[in-house]
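The sequence and structure are shown first.

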Amino acid sequence: MGEWYFEYEIQVNRPGLLGDIASLLGMLRVNIVSINGVDEERRGMLLEAENEDSIERFRSIVSTMENIHVTKFRQPKVRDRLAVRHGHYIERDADERNTFRFVRDELGILVDFMAELFKKEGHKLIGIRGMPRVGKTESVVAASVCANKKWIFLSSTMIKQTIRNSLIGDEFSANNLFILDGAVTRRSSDERHQQLVREIMRIPSTKVIEHPDIFVQHSEYKIEDFDYIIELRHHPEEVITYELIEKNEMMSQNDHFGGFGGF
């Protein structure tokens, strides 16, 4: 069974329009897997068919319909699946096409998005930007659970400051998901930790780095090395800066009670 994503923009929202399209799909033996509006004027569908000729016939017919304008007809991408599931598209940076933007109210779709990325095999380097206490680490952990992945913290301030300088047993498995805080790792003077990070970066697995811009400072890595950059804000206008982040990191290092930094 093949799968396709079909999206159209409504030109004339007349009664029975969706019924006509669904009936046409039924006659051509094309199944509707899921359907949803992706904004006020567009509707998206995930379609499934055994015969690709049926899909081509459907595409040919709907392209001539006056009441709709076909905007997408392709093999479904992650963003397509999530648009149908949640009812709107993930915002993408116009200039940096691998940068995706979310606000805190969209944590559900963010977790789904990351879980889909985590399910893919092989090397993926994912950076996540955001101010303290916006939900970055919690979202990564939740997405790991959804993707059925074991997560390993190399460095973190989620509960207390964590700096790992060794792993044991199956913690080196490429099936694991490795999480590190770029601010903590950059400031660490422990060469064993830095060597561990270099080893993990060579493993063909998924690595998630919080504060990637800080991580690449004075390192061999570049922002261009990241496959995806995720930005998480409390509200759309929030500016992500690193002054408060680095200040909190310094306070965390001096906190004898564990440094509840909340990154």
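## Salt-bridge network

E91, D93, R101, R129, D213, E231 and R233 are joined in a network of salt bridges, a salt bridge being a side-chain nitrogen of Lys or Arg within 4 Å of a carboxyl oxygen of Asp or Glu. In the structure as a whole, a search finds 21 salt bridges.

The model is predicted: local features need pLDDT of at least 70 and side-chain atom pairs count only at pLDDT 80 or more, whereas totals for chains, interfaces and linings use all residues. Residues are numbered from 1 along each chain as its sequence is written, and side-chain values use heavy atoms, with hydrogens and water left out.

## The pair R129 and E231

R129 forms a salt bridge with E231, and their closest N and O atoms are 2.8 Å apart. R129 belongs to strand β7 (residues 124–129) and E231 to strand β13 (residues 228–233), so this pair ties together parts that are 102 residues apart in sequence. Strands (E, at least two residues) and helices (H or I, at least four) are DSSP runs, numbered from the N terminus.

Both R129 and E231 are buried; buried means under 20% relative accessible area, exposed over 50%, and partly exposed in between, with a 1.4 Å probe and protein chains only.

## Two further salt bridges

D170 and K150 meet through their side chains in a salt bridge of 3.4 Å, N to O. The pair links distant parts of the chain, 20 residues apart: D170 is in the loop between β10 (162–163) and β11 (177–181), and K150 is in the loop between α5 and β8 (151–153). D170 counts as exposed, at 53% relative accessibility, while K150 is partly exposed, with a relative accessible area of 39%.

K222 forms a salt bridge with D225, the closest N and O atoms lying 3.9 Å apart. K222 counts as partly exposed at 45% relative accessibility, and D225 counts as partly exposed at 31%.

## Packing of α4 and α5

Helix α4 (residues 107–119) packs with helix α5 (residues 136–146) at an angle of about 55°, and their axes are 8 Å apart. Axes are lines fitted to C-alpha atoms, for helices over the stretch in contact, and angles run from 0 to 180 degrees between N-to-C directions. The two helices are therefore oblique to each other; angles under 35 degrees count as roughly parallel, over 145 as roughly antiparallel, 65 to 115 as roughly perpendicular and the rest as oblique.
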